[in-house]
Amino acid sequence: MYILDGVGVYEDPDTSKRPITKGCVFFLHPGVWHCFDPQPGTVWTEYWMLFDGDWAQKMYGELIPKTERVFDIGVIEELVEAYEQLHDLWYLNTPAPYEHINYLCHKILAEIHLAINQVSLRRKDELIHKAKNRMRRV
C-alpha cells in the first residue's frame, strides 16, 4: 500500500500502532494479522498491488522487506507514474504483454526498495532531464 494523501494507522503482531501519512508505504504479508484504517472521517488516496504464491516470492521476494513493514518514503514521481501505468494496463483492460505488467511490478517494488534503503540513482541534472522527458511526451 502506498499512501498519497490522508492519515491513518497501521498495526500487526510485530508492529505497534503506527501513524500512516502521505508518502508512507506498508507491506501486508500473507497469513499475518494486520489492521490499517484511515483516520475516522477521512479517506486515503492510495495505490496498491496484490500478489502471492511461490511465483511471486521468486520474482519479487528480494525486493520485499521481511521484518519491518511501514516506511515513510515520501511521494516519488517515478513511483506514482509506474502505478498509473500499471493501473491503465490492468484495470482499463488495455492490451498489454504480460512482460510489460511484470516490468511495472518490478519497477514499483524497485523504486520502493531504493527509497527504503536511501539509494539515490538520480542525475545531477535531474530537473533538466525531467523537463526534457515532459516535453517529449507533449
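The following questions and answers walk through some features of this predicted model.

Student: In which strand is Asp12 found, and is Asp12 buried or exposed?

Tutor: Asp12 is found in strand β2, which covers residues 8–12. Its relative accessible area is 5%, and the cut-off for a buried residue is under 20%. Asp12, in strand β2, is therefore buried.

Student: Which residues does Asp12 touch, not counting residues up to four places away in sequence?

Tutor: Here the residues up to four places away in sequence are set aside, and contact requires heavy atoms within 4.5 Å. With that condition, the residues that Asp12 touches are Val32, Trp33, His34 and Arg69.

Student: What is the length of the polar contact between the side chains of Asp12 and Tyr10?

Tutor: A polar contact needs a pair of N or O atoms within 3.5 Å, and the side chain of Asp12 has such a contact with the side chain of Arg69, at 3.3 Å. The side chains of Asp12 and Tyr10 are likewise joined by a polar contact, and its length is 2.6 Å.

Student: How many residues apart in sequence are the parts that the salt bridge of Arg69 and Asp12 ties together?

Tutor: Side chains of opposite charge can pair when their charged atoms come close. The side chains of Arg69 and Asp12 meet in a salt bridge, with 3.3 Å from N to O. Arg69 lies in the loop between α1 and β7 (70–72) while Asp12 lies in strand β2, so the pair ties together parts whose separation in sequence is 57 residues.

Student: Is Arg69 buried or exposed, and which residues are linked with Arg69 in a network of salt bridges?

Tutor: Arg69 has a relative accessibility of 6% and so counts as buried.

Student: How many salt bridges does the structure hold, and which residue forms one with Arg18?

Tutor: The structure holds 5 salt bridges. In one of them the closest N and O atoms are 3.0 Å apart, and the residue that pairs with Arg18 there is Glu68.

Student: Where do Arg18 and Glu68 lie, and what is the relative accessible area of Glu68?

Tutor: Arg18 lies in strand β3 (residues 15–20) and Glu68 in the loop between α1 and β7, so this pair ties together parts that are 50 residues apart in sequence. Arg18 counts as partly exposed at 28% relative accessibility. Glu68 is partly exposed too, with a relative accessible area of 37%.

Student: What separates the C-alpha atoms of Glu11 and Cys35?

Tutor: Glu11 has its place in strand β2 and counts as partly exposed at 23% relative accessibility. Leaving aside neighbours within four places in sequence, Glu11 is in contact with several residues, including Trp33, His34 and Cys35. Although Glu11 and Cys35 are 24 residues apart along the chain, the separation of their C-alpha atoms is 5.4 Å.

Student: How many aromatic pairs does a search of the whole structure find, and what is the angle between the planes of Phe51 and Tyr60?

Tutor: A search of the whole structure finds 9 aromatic pairs. Phe51 and Tyr60 form a tilted pair, 4.9 Å centre to centre, and the angle between their planes is 50 degrees.

Note on methods
Residues are numbered from 1 along each chain as its sequence is written. This is a predicted model: local features need pLDDT of at least 70, side-chain atom pairs count only at pLDDT 80 or more; totals for chains, interfaces and linings use all residues. Side-chain values use heavy atoms; hydrogens and water are left out. Helices (H or I, at least four residues) and strands (E, at least two) are DSSP runs, numbered from the N terminus. Buried means under 20% relative accessible area, exposed over 50%, partly exposed in between (1.4 Å probe, protein chains only). A polar contact is a pair of N or O atoms within 3.5 Å; within protein, one must be able to donate a hydrogen and the other to accept it, and residues adjacent in sequence count only if both atoms are side-chain atoms. Rings of Phe, Tyr and Trp (its six-membered ring) pair if their centres lie within 6.5 Å; planes under 30 degrees apart count as stacked, over 60 as edge-to-face and the rest as tilted. A salt bridge is a side-chain nitrogen of Lys or Arg within 4 Å of a carboxyl oxygen of Asp or Glu.
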